[in-house]
Structures are given as structure tokens and as C-alpha cells.
Amino acid sequence: MTAVRETGSVTVSATIPALPSLRLRSAAPRPAVQFLTLRDLSKRQDVLRALVQLQSLVAELTDDDVKEATRRLFLLLNTLEDPIVKEKSVDLLGRLACATGAGEAGQIALALCSSLQKTEEETSSVTCQLLLSLAAICQHWIASELCQDVALECTEIVTKLLPTSAAPVRRAALHLLATLAPIEQRMQNAASASGLSSVAAASSAASATSSAACEIQRHCAAGINDDEPRVRAAALRGLIRMNDQGMPLQLDVYERLSCVLVDDYADVRAEAMQLVWRYCQAFPDKPVNVDDGGDVKLPLLDDGFVKICDMMNDLAMPVRSKAAALLGSLHNVSFEFLQQTLDKKLMSHLRAKSSEHDKLKERYRSNMTISEWESGRKWNDGNIPKKDFDPTNVQLISNGACGAFVHGLEDEFLEVRKASVESMTSLAVQCPKFAALCVDYIVDMLNDEIQAVRLAAMACLQQIMTHLELRDDQLDTFLSGLSDSSPVARNAVRDLLTVVQLSSCSMLQSCLKSLQTNLTRYPTDKTSIYKCMAELGDRHSNLVMAITPSLLGTDLMFATPEPDIEQTSYLAHLILIFNALPHCPTMKASFPTFMAGHYAFLKSSLPDLVPQLEFSGSRLVVPKADSQSRVKREEAVEGSAFIEQSVRRALAQKAGASRLQFIKLTLADMQRLSEINSPTSTLASWSCLYLQACSLLENAIHDKRTTVAWNSNQAAKVLCLSYQAEHLYAGLGAGEQLAVAELRLVAHALQLLHSTALARDDVKLLLKRINRLDKRCQTFNLQAGTCLQHLLMQSHELERGKISAVVHCLLDATQAWQPVMVLPDSSLLRKASGSIRQPSNPGHIYQFSTSLATSISVDATLTNVDDVRRVVLQVMFPDQTRRLMHASSVHVVSVTGGGSGTTSRSPSCSAASSASSTAASAATTVVSARGHSAGAEQRQHLAMEPVISHHVWSESSHVEVMAVLSFVADQDEMPLLATGNGNRTAAASAAAEQQRSASSSGSSNLPPLTPGFPAGDVALAASSSSTTSSSSDLLLSQHELAILTHSLLPLGNTVRYAIHPKERIYVSTH
């Protein structure tokens, strides 16, 4: 057969031999695995299309399918001459080796090694693909013994390819060598750890493998001097990968990195800089020679710091941003070098100097060896006078590296400025002297034009200003941020005010004046301003005491009228004064008589913002600050003990009506405790979820008097409650998570037990859940619950699939179920929540043109959300369709309380990659976090601009916006809920309605969300009418449907935005 290929304007005809038949047959016909036939294919495109189709089925092939496909692919590889088809065949063989067992993978790898020896007949693309496939196989089976055989076969072949092959092949060969090096190292360790009976054999094997591992590293190091820049980058990347796998770096390579740092290609410079950083981490105290510095030596950490500082002047923005990010992780650098990064002129202390004693000693030696009449030309030519060496000309740091952070802060790209600020934060936290020097530079960054840079500067000041005092000019600089139009920026400034140390009453009055102006201009910031006032009063009690009369408007000579308690500015002053009162009890002498009544009003309306005070008639009795903290601790301990005792007493009752009654009574108590703002409210709310699920299961198993039969909606309720208890709360131990997961197992068993159409596929889903829980028990060394123990003992009956035996096993397991009496530690338990702030102008109507898009501003406060990437903004349109808005650009500033923490940032990741271009998405997210210690509250401020668009919008209406949290479910729960009495339940009907709506609108079927979000927005559809069911069923809310169908947990309130189209567009269909 003949294939025609067009290359530019030239048409090339190539003769392709008849293709062998490639047909995959499965032992058991399955709809997912199709039969592929490559017989009588006349075009290369048809062959490639068939191979791509086979690639899509790799994950579903059985072992027999893999063996047959492997045989046919090798036949195809040996008979065809087309390089593209051969390259795709080799790629498929590598994928099959990663998808099959170790034995078959070893045979494929050895066969590919044999093909690699015949590369003289192959093109460079096929050889390159052979190397990449072998590297993928070795990486996948790196812990298996088959990699040792492949390493022994490949190492010698690959080293021969390096000097003679093309550049792409050399690059792939270096990639394979970097993959094989850890295998050689492991072989060396295994040989050295062998028994005493084979000491000689172990010694010889260890020396051989050690030399092989070092030889691989030498080959990669030799690639640094390659003529091709991609090969040089691959060599540096290979050395980094070897170090990641535990192989030590060789010091002789570090001396050659100075030349690589000035390479013409940015990728090479970036990889070389990353390798310098790794040398600094591995050999921080190793003395090395300074470049062009004679015999002057520096610790490798300081020398590497200087080299990375010099990269701040690089021409490529990604290199500069990466250099700025790497500098922040070198914490033990000498203070002299840190000080030099803030000055563009070379300081005198970084010039090498000799003492007067050394100078006299050198002069004396010179006079002893050279006579005054010797010219050095005729006699004693070995003592020719040399020019005096001036040690003051030796520089320990290059002029280009001076003022590295100053260059970074003045850079034109926001990625470099932001990375510089974050690195300065990390270094300043570790070195207080450096923190005092860089305050002025960070304060200047508050005037940056980019909000992300300003927020990073505020987060930096929030950490380093805990033990430093602000000057008046610095305070005025960042108080101007309270007039920013962005609520996130204003909130960041208020968070900064809570940690700064003010030195005078005038500075405190300036803060109060700015906060009052902020309160008047932005009334929606009232809660945040009140919290800031509380922190200011607690930290500056002496200053507050001095200005208390002016704040209250009292006078020593005249009686002043009582202020209006409803004035927001007066309430802010009261919060400030009452929080300073425990530290300065003498303040109460100047209080007017109405202060006791005002305190009672504040304590009832804003209990979180004022401390606990006592009354003595009309006067306030101020307890000591330490007694207040002691009372709070005692209340938390007593509340936790009461909750634990109540829950244990309820669950310890005899199974049946008695336990159900106690659970209901305890549940009512827990619900009341969860509504009270106390240290144990979080534990009480978690106990509510757990007891509600136990109540539903207990009612279905043991209560004989109930007239409510078990149905899919009850199973859905248990699943929703258990997922909320497991994923909405942080601080749960492995035991608590296992107890919650077992609730889903009991609900699963009850659902199958009450099913009238039980099938084997339903039993297989149950077995998957059982195996997953058993693996969790083994991993964390936990004892399985009673239901799980019964099902594990009867697993062989479940695997057989006989319906009568399965029903008998499920009945025994559910009857034996006992709820596990576990409670999490209340000091570590934190509940995730999210509150969207109401718009500053509630009456504002967003207008847009139909079929076009507009954006709305959403500002939310997230509490105790560990991973902000899991937060999704859900927008519900008037036709009940939903759209999930994913944050495209997230800025996270991790700040620990007290300013003693550091900004957690991986030094190996490039700052450019973390701030990649996001112009394709309309959502813009800025997040600032505060507090990451165990049990402490974490707050994140989320600002997004979701896009609102609809193609059939014609009337004014509202959209509802809510923050939701995505999670990974144990499995797809909808097939379980569809198992029932032959009719769809509410949850199944919602899923069916969602699929019909998606298909009618042209959308594809949506998979459940995972933390790795898709690139674009996701459209959902769920009709509210689909929640209707029979009178005996429990109704499912829209939030519960979202939990089951798309793994989304609601975080808080819902805010409505008014939307009005500018013009109406009618579309007529003929």
C-alpha cells in the first residue's frame, strides 16, 4: 500500500507494507473494551487513529489483553518503517508496561532495551521515544526488582549513545540516566547491607554499583558543557532529580556552576540557580574559594547566596522571580550579606583586608629574599620582584549582587516584587536585626500599584512588627490603605493594626480617626473594625487609659449627657475601652455611672468583642487578666467533659427504644450548646451531626414500633451527615474519621438489605467500601467497628454473590452494629465556614446585555479552611441552574500568630509559575490568611469577580451566590441511592434531572469534583421540584443534593444580587 505525505509544497509518496492484524479479544465481553482491527488499513492516519483508540483503553485491559496487545505492537514495531507509527507504538508499549503486572512489565522493558541496541537503523525520534518509555517504566516500577535488570542492561547502552547521538537523544538519555541513578544507589545499599557470609561478594558488588552510580552522575555533570542548551538544561535537571532521590551531590560540580549561571539561555540559568540552592542546603558550612578572590574562602551558603543575588539582575523575568523566591529560604546567611542586599553600593566590610601584623610579616619576608641591588634580570631570576597584592581590591560580593532586594522591589514585574517581599519576610523573621533594617523598604511597598504586592507587604509587616515600634511617618503610610476601594486591602490594614506596637497617644488617636473615617465611608466593615478596636485596646491599655476622657466625652467640672448607645463610633470607643480595662483596672475611676448599662448592652449584643466583667451595684468590678484566661480554660474543660459524658451515656444504652430516646434527648442538648457562643460550640455541633446519623440508623435497625420504612432518602441523609462531620471539621483523628466512615458502611448495608432488586454489581460496591475501610484500619493500626468486623469475616460469602447468603450477612452485620463512642479533642477541633459579605450598596442593580457577560464583586471571609483551592463559588441563576466559579489566581499569605512564624513557601517552585498568566479566566482571587497553629482560628479573605451570563435572560431577577467546599467522596453514591424499590428517589431523580438538563443544553456529563479543578467553569443543573417525594420519605434539600451529586459542602450564607438586562433579545425559531 502507498501513503502520501505532503511536506511544504513537495508531495512525498512512501510505501508502507501490509499491516499485521491487531485484534484485542477479551475473555469476558465488556462494553468498555472494544475490538481493534488494524487489518487492511491503507493510510498512516488510520493506523495512528487505531493506536490512539487503543491508548484510551489501556486502563481497562486485562492481563490477557495486555499480552496480546504487546505481541502485536512489537510485531508492528519490527515490520513497519514509518517512524511516526513506530514512535507511537513504543509509547503505547511504555504505557502498557505501567498498567500491567511487574512480570509483564519486565519483559516489555527488556525487549525495549534490545530494540535500543539497534538504534543505528532507527531515526532519532524513535530512539528518543525508546529512552523516554524506558524512563517511564523505571520510574513507575522504581521499587521493583525488574528495574535492577533494566538498569544493568541500559546503563552501558545509554552511555554509548551520549557522545554520538543527536541533541534530542542526548537529552532523553540524560533523563533516563537520572532515573536509573537511584536504582544503582539502591543496589549499592543492598549490597553493602548483605550478610557476613558474603562479605567479599558484597564488597565487590558494592564497589561496582557505587562506581556505576558515580559514573552516571559524572555523565550528567559532563552534559553541562554540551553545545545544545536543552541538553545542558536536561543535565542540570538530572542532577536535581538525583538529589531528590537521595543521591549526594559532588562538590566539584559546584565550581563549574559559576559559568553556567551566565549561560545565554534562561532555562539553563534557572536550573543552575536551583542546583546552587541545593548545594547551599547540602553543604552550608563547606569553605569554597571566592571567584577572582585569590585564596579568600567563604562558607558555601554565603557564596551561593551571593550567586543567587547576582541573578536578580538577570534579563529574564522568570529567572529574577525564581531567584527572589530562593533567597527567602537561605536562613543562616551571615548578617553582613543580608545587610548588603539593601544597599546598592559595596560596603567596606565585604572587602577582604589584612591586618598590620600580616602586612609587616609580608614586608619582612620580602626584604629577606630579595637584595636591594638585584634587578631580577641577570642574576637570581627566580626572585623577580612582583607587584604588591592589595587585599582591599578583593570583593567578597560582586557589585551586581549589591542591593539585590532593592533591585527586586523596584522591578517592573509584579511577580519579582511580590517574591522579593515574601523572601524578605522569611529572612526578617529569622533575623531580627535584618527585620529592623527592612521595615522602611516594606512600608514603601504599601504604595505599590498592584494589590497583590501591597497585600504581601502588609503580611510581611504583620509578622515582623510584633516586636518593633512604628514611626509616625510609617504609620501614616499604611493608614492610607484604609481608604482603599478593595475590602480585602482594608481588612489587611486592620489586621496589621492588631499586631503593631504604637509608641504614643498621638499615633493611637491617628489610628482611631482613620478607623472612624473608614466606618463612616464603608459601613459594611463594621464587624472587622470592631475586632480591630478590641485588639488595639488589649495591646495598648496604657495609651487608652490616657485618652479615655476624650473618648467618652466626660469632663471633671461639668456633667456631660449620656451618649447615644446606637452610634457606631461610640460603640467602637466602648469596645476599645472595655478591652483595655482588665490590664488597667484604675481606669474605672473615671467612668461615668452609665458605663455599667452600656457594658450590659455590649455584652448581650457583641459578646465576642468585650471581656467578662462583673457588677457591684452600678459599678464595674474588673477581674484580673490571668483570672479571665483561667476561667475560660475551666469553662472549656467543663463543657468538653459534659459533652463527652452526655454522648457516652446516650450511646452506651441498650440497643433499641432506650438508646434512641437517649440519643434524641442528648441531641436536643447538643443543638442548644452549638447555638451558644462558647469554646465547646464546635464540639457540640460535630456531636449533633454524629448523633443525627446514629439516630437514623438506630431507628431503622432496632425500633420495631416505627412506621417509617428505610428508604434511599434516609440513606442519603446519613451520607450527607457523615460527609459533613468528616470534611467540614479539621482536627479529627484517624479514629474519629473511621467511626464516621463506618456510618456510611451501615447505611450502605441497610440500603442493600431493603432493596427488592439486589444485583451483584451492588454487592461489589459494598465490597469496595469494606476493603477501603479495612485498609484504613491497617494503615493507622485501628480496631474495626462491630459492623465492619462482621462483614470482614463474611467477605467470602459476599464475594460469591449468592443473594440469600448476602442478605443473611447484611442482616447479621446491621443487627450487631454498635455506635462507636469517640469524640475529637475540642482544643484541636475547628469548623470550616464561609460568610459572604453583603454588598456595600444593597440596592445596586447589575446591568448587562443579554448573551453577553458582566462581573459582580463578591467578598467572603473564610474561616478554618486549610486548602483554599477547595473553595468554589456557587452561583444559582433564576432558572435554578448553577455555575461553579473556580479561582484562577490565588494569593495565599500564611501568617502565624504572634509574628513568630514564617511564610510557608516551597523554595523549589518558581515564583513565576505560582503567578502564571490568568487572562483566560475572569475570576480574580486574593487570599490572605492569619493563624495556622493547631486549634487556632484561621481566617482567609476571598475576593472574586464571578462572571454572570445567560443566553435567555429577559427579565429582572436575582442570582444567589454561596461559597462551597469540595471534597473527595469515598465513591460515587448515586448508584447506591438508585438501588431501591424500582422507582427513583429524590436524589436519583435530581441526578437524572441534572443529566437531562445538561444534555439538553449541550453540556457533557459532569464528573464529581476533586481538589484538582478543571480549567474552566462548571455548569450544574438541579431542579427544586425534583426534591419532592412520597409522604413517607425525608425531603432532601438542595445543599444535600449538591453533597451527593457533586461532592460540595455549603460553607455559609447566601447573598442575592439583583440583575437586570439592558436590552431584550427575542429569538424566533422557524
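How close do the axes of helix H18 and helix H20 come, and at what angle do they cross? Hello everyone, let's start there. This is a predicted model, so please keep that in mind as we walk through it. Helix H18 covers residues 414-430 and helix H20 covers residues 451-464. Their axes come within 9 Å and cross at roughly 5°. Angles under 35 degrees count as roughly parallel, and H18 and H20 are therefore roughly parallel to each other.

Who touches whom between these two helices? From H18, the residues in the contact are Leu-414, Arg-417, Lys-418, Val-421, Thr-425, Ala-428 and Val-429. They meet Ala-452, Val-453, Ala-456, Ala-457, Cys-460, Gln-463 and Ile-464 in H20. Sorted by class, that contact has 10 nonpolar, two polar and two charged residues.

Next, some cysteines. How many disulfides does a search of the whole structure find? The answer is zero. Take Cys-431 as an example: the closest cysteine sulfur belongs to Cys-438, and at 9.2 Å it is too far for a bond. A disulfide needs the two sulfur atoms within 2.5 Å. Cys-431 is also buried, with a relative accessible area of 16%. Cys-720 counts as buried too, at 1% relative accessibility.

Let's move to a loop. Asp-484 lies in the loop between helix H21 (472-479) and helix H22 (487-497). Is Asp-484 buried or exposed? Its relative accessible area is 16%, so Asp-484 is buried. Leaving aside residues up to four places away in sequence, Asp-484 touches Arg-454, Ala-489, Arg-490 and Tyr-522.

Now for the strands. Strand E13, residues 871-876, pairs with strand E14, residues 881-885, in the antiparallel sense over four bridges. Within that pairing, Gln-874 stands opposite Leu-884, and Met-876 has Arg-882 as its bridge partner. The hairpin of E13 and E14 has four residues between the strands, and there Gln-880 takes a positive phi near 70°.

E13 has another antiparallel partner in strand E18, residues 957-966, and they pair over six bridges. Here Leu-873 has Ala-963 as its bridge partner.

How many of the six residues of E13 are buried? Six of the six are, so E13 is largely enclosed by the rest of the structure. In a regular strand the side chains alternate between the two faces of the sheet. In E13, Val-871, Leu-873 and Val-875 are on one side, with Val-872, Gln-874 and Met-876 on the other, and both faces are covered.

My last stop is helix H40, residues 1038-1046. Eight of its nine residues are buried, so H40, too, is largely enclosed by the rest of the structure. Among the buried ones are Leu-1041, Ala-1042, Ile-1043 and Leu-1044, along with Gln-1038 and Glu-1040.

Conventions:
Residues are numbered from 1 along each chain as its sequence is written. This is a predicted model: local features need pLDDT of at least 70, side-chain atom pairs count only at pLDDT 80 or more; totals for chains, interfaces and linings use all residues. Side-chain values use heavy atoms; hydrogens and water are left out. Buried means under 20% relative accessible area, exposed over 50%, partly exposed in between (1.4 Å probe, protein chains only). Two strands pair if DSSP finds at least two bridges between them. Axes are lines fitted to C-alpha atoms, for helices over the stretch in contact, and angles run from 0 to 180 degrees between N-to-C directions. Angles under 35 degrees count as roughly parallel, over 145 as roughly antiparallel, 65 to 115 as roughly perpendicular and the rest as oblique. Contact means heavy atoms within 4.5 Å. Ala, Val, Leu, Ile, Met, Phe, Trp, Tyr, Cys and Pro count as nonpolar, Asp, Glu, Lys and Arg as charged, and the others, Gly among them, as polar.
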